[in-house]
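Please read this briefing with the sequence and the 3D view side by side.

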Amino acid sequence: MVEAVLIDLFSLPASLRNDIQGVMYNALETIEKCSSTPAPFVYVMCCQMPGSERKGDQDSLLPALRNFQSTKKRLEVVCAQTTAAVLYTIKQILDEKDLSIIKVILPTLRKELMKVYIGHLFTAVYQFEFEDLKVASDCNNLKTIGPKSEEQAVSTQDVALIQSEIQMHLESLPSLKGELTILTSSLIPDDIFLHGFTTRTGGISYIPTLSSCNLFSSSKRRDPQVVVKENLRRLANAAGFNPENFHRVKTDHANAVCIMGKTEPDSYDGIVTNQKGVTIAAPGADCIPLLFADPVRKACGAAHSGWKGTLLGVSMATVNAMVSEYGCNVKDILVVLGPSVGPCCYKLPRESAEEFHRIDPKCVRQFDSAAPYIDIRRATR
């Protein structure tokens, strides 16, 4: 069942702007006929240029649309200078309402372009269907706006222009939750290694569970790759590294380690390198992000250690990789544990807790309960 409808009025022929009421009545009538209860939310997309660039037909278009908005409870007009800006604004509204099944009504010639925008700004969480925008003909029958033709492929140049438009819009957005913050450790010599741990501030991700400096995209999440890329760009600018040489572990909650320069495994929770000018990274939340640095051999590593990875020894596997690949001495390797869940708040089933108890009884609190508290940081140390 369609939950929301987008009506695209960008690039509407001038002749139809004079009959915007007819266009809207037909579009809304189509929606009402095809909708079940409750009726879907309707969002009208239109272009609004700066005041100095407005033309007469644009001036007349907006008041007419505002009239529709005042009479329809579930209709909202969204205006901006670019399609990217309008779509991103609507996406925020959809996400706030937790809507994901969307119909787009638009001129035929805009369909393939719209698919490119949607492919960049949305993820597989959303479902889209498309319908041609129609207008009443002289004989009161509906006809499609634009020529009837086979679907036209979008040129490489058009795709590049859309990508640039999206990037410019995302770069213009303010940081959320404050400025970007990077935590560093005095243990790692900053004259040899650039290092740090991000927090949740300084990015543009607005999804509550990802806000704001999300650096991980997934088809199962609502945060698209372009937003994650913008967060990474801001981080790179603040920290001083090249985002094109950024390598993040492909987590599997296990203990495999990737050696940069060798064949990359399908998944791994540790990564090591002695190459200059590259940045390696591991995620953390409940799980621990770890950084390893050998100032003697000038080699470094990063690892992601959740409770499973901790029990499987991913940290020591990363150390062993540095020793075997770069001739590091374990006494020279400095290890920093980044922000993660503390022993106050992390519970596991009794069976898993017993494995931590064998590492060190102090890693477990309330051991006799069904779900003891676990200190994965102590276990890692």
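The points below are grouped by topic.

This is a predicted model, in which local features need pLDDT of at least 70 and side-chain atom pairs count only at pLDDT 80 or more, while totals for chains, interfaces and linings use all residues. Residues are numbered from 1 along each chain as its sequence is written, and side-chain values use heavy atoms, with hydrogens and water left out. Helices (H or I, at least four residues) and strands (E, at least two) are DSSP runs numbered from the N terminus.

**The second largest pocket**

- The second largest pocket holds about 670 Å³ of space, where a pocket is an open set of points on a 1 Å grid over the protein atoms alone that a 1.4 Å probe fits, with protein on both sides within 12 Å along at least five of seven lines; the volume is the space filled by probe spheres set on the points, which are joined across faces, edges and corners.
- Of the 29 residues that line the second largest pocket, the closest to its centre are Gln225, Val228, Lys229, Leu232 and Pro243, and a lining residue has an atom within 4 Å of a point.
- Helix H6 (156-172), helix H7 (225-239) and strand E10 (246-248) are the elements that give two or more residues to this lining, and H7 gives the most, with seven residues.

**The five-stranded sheet**

- Five strands form an open sheet with mixed pairing, in the order E11-E12-E15-E14-E16, and two strands pair if DSSP finds at least two bridges between them.
- Strand E11 (257-259) and strand E16 (334-337) stand at the edges with a single partner strand each, so one side of each has no neighbour in the sheet.
- Strand E12 (residues 270-273) pairs with strand E15 (residues 299-305) in the antiparallel sense over four bridges, and isoleucine 271 has alanine 302 in E15 as its bridge partner.
- Helix H9 (residues 314-326) packs on the sheet and touches E11, E12, strand E14 (288-294) and E15, contact meaning heavy atoms within 4.5 Å.

**Two backbone details**

- Most residues other than glycine have a negative phi, and most peptide bonds are trans.
- Serine 211 and serine 212 are joined by a cis peptide bond, with omega about 0 degrees, and serine 212 lies in the loop between strand E9 (197-198) and H7.
- Lysine 177, a residue other than glycine, has a positive phi near 65 degrees, and lysine 177 is placed in the loop between H6 and strand E8 (182-183).

Conventions:
Axes fitted to C-alpha atoms, helices over the stretch in contact; angles between N-to-C directions.
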